[in-house]
Amino acid sequence: MRTHVLSRALLCLLLLGLPHFAKAQAQAAVDAFGKCLADNTSGKDRKDLARWLFVAMGAHADMKAISTIAASAAEDTPKIAAALFTRLVADSCPEEARAALNTAGPVAFQSAFTVLGQLAMRELMADKDVAASMALLQKHIDSKKVQTALEVK
C-alpha cells in the first residue's frame with residue numbers, strides 16, 4: 001500500500017514536471033538550430049538574407065514611395081535567399097533542424113531564423129554610414145517631453 005502511494009506521488013510529480021522539461025528540451029533544440037545557422041553563414045550570407053528582407057519590405061505599398069527596387073533584384077534576391085535556406089537546412093544543419101522541428105514544431109524555424117536575422121541586422125548596423133543615419137533619429141526626438149513622460153509621478 002505504501003509503495004503504491006509513493007508510486008502515485010512520483011507519477012504526479014513526473015507529469016507535473018514533464019511540460020517544463022519538454023519546453024526546456026524544445027528551447028534547447030531551437031537554440032542549437034539557431035547556433036548552427038549562425039555558425040554556418042558568412043557575412044555575405046547574412047547580407048544576402050538582409051537584402052532579401054529589404055526587397056520584401058520594399059514591396060509594401062507604404063514603402064514603395066521611399067524605395068526603388070530594381071526588377072532584377074526583386075527576381076534574383078528571393079532565389080539567393082532560397083538557396084541559402086536550402087543549404088542551411090538540408091546540408092549544414094539537418095540534424096539540428098529536424099530536432100528543433102520535432103520538439104518545438106514549425107515555430108522552431110521562425111525562432112532559429114530570427115536569431116540569424118538579428119545577427120545580420122547587427123552586422124548592418126555596425127556600418128558607420130548606417131549608424132550615422134540611425135543617429136539622426138536622436139536629433140529629432142523631443143527629449144524633454146520623453147523625459148517628462150518617463151518620470152515617476
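User: What share of the contacts with a separation of 6 or more comes from residues 24 or more positions apart?
Analyst: Those residues account for 77% of such contacts in the protein. Keep in mind that this is a predicted model.

User: OK. How many helices and how many strands?
Analyst: Eight helices and zero strands. Read from the N terminus, the order is α-α-α-α-α-α-α-α.

User: What fraction of the residues is buried?
Analyst: Buried residues make up 22% of the 153 in the protein.

User: Zoom in on Phe113. What does it touch, not counting residues up to four places away in sequence?
Analyst: Five names here: Phe33, Leu37, Phe85, Leu88 and Val89.

User: Switching topic. How many disulfides does the structure hold?
Analyst: One. Cys36 and Cys93 form it, with their sulfur atoms 2.1 Å apart.

User: Where do the two cysteines sit?
Analyst: Cys36 is in helix H1, residues 2–39. Cys93 is in the loop between helix H4 (71–92) and H5. They are 57 residues apart, so the pair links distant parts of the chain.

User: Left-handed or right-handed?
Analyst: Left-handed, because the torsion about the S-S bond of Cys36 and Cys93 is about -95 degrees.

User: Are those cysteines buried or exposed?
Analyst: Cys36 is buried, and Cys93 is buried too.

User: On to H5. Which of its residues are buried?
Analyst: Pro94, Ala97 and Ala100, in a helix that runs over residues 94–104. They cover an arc of only 135 degrees around the axis, which puts them on the same side of H5.

User: Why would residues spaced like that point the same way?
Analyst: An α-helix has 3.6 residues a turn, so residues three or four places apart point the same way.

User: What comes just after H5?
Analyst: Gly105, which takes a positive phi of about 80 degrees.

User: Back to H1. What does Ala38 contact, leaving aside neighbours within four places in sequence?
Analyst: Ala38 is found in helix H1. Its contacts are Arg46, Leu116 and Leu119.

User: How far is Ala38 from Leu88?
Analyst: In sequence, 50 residues. In space, 9.6 Å from C-alpha to C-alpha.

User: You mentioned Arg46. Is that one buried or exposed?
Analyst: Arg46 counts as buried, because its relative accessible area is 11% and the cut-off is under 20%. Arg46 is found in helix H2.

User: Next, Asp45. Where is it, and why does it count as buried?
Analyst: Asp45 lies in helix H2, residues 43–58. It counts as buried because its relative accessibility is 15%.

User: Which backbone nitrogen lies 2.9 Å from a polar atom of the Asp45 side chain?
Analyst: That of Ser42.

User: And which residues does Asp45 contact beyond four places in sequence?
Analyst: Asn40, Leu84 and Arg87.

Note on methods
Residues are numbered from 1 along each chain as its sequence is written. This is a predicted model: local features need pLDDT of at least 70, side-chain atom pairs count only at pLDDT 80 or more; totals for chains, interfaces and linings use all residues. Side-chain values use heavy atoms; hydrogens and water are left out. Buried means under 20% relative accessible area, exposed over 50%, partly exposed in between (1.4 Å probe, protein chains only). Helices (H or I, at least four residues) and strands (E, at least two) are DSSP runs, numbered from the N terminus. The arc is that of the directions from the helix axis to the C-beta atoms. A disulfide is a pair of cysteine sulfur atoms within 2.5 Å. A polar contact is a pair of N or O atoms within 3.5 Å; within protein, one must be able to donate a hydrogen and the other to accept it, and residues adjacent in sequence count only if both atoms are side-chain atoms. Contact means heavy atoms within 4.5 Å.
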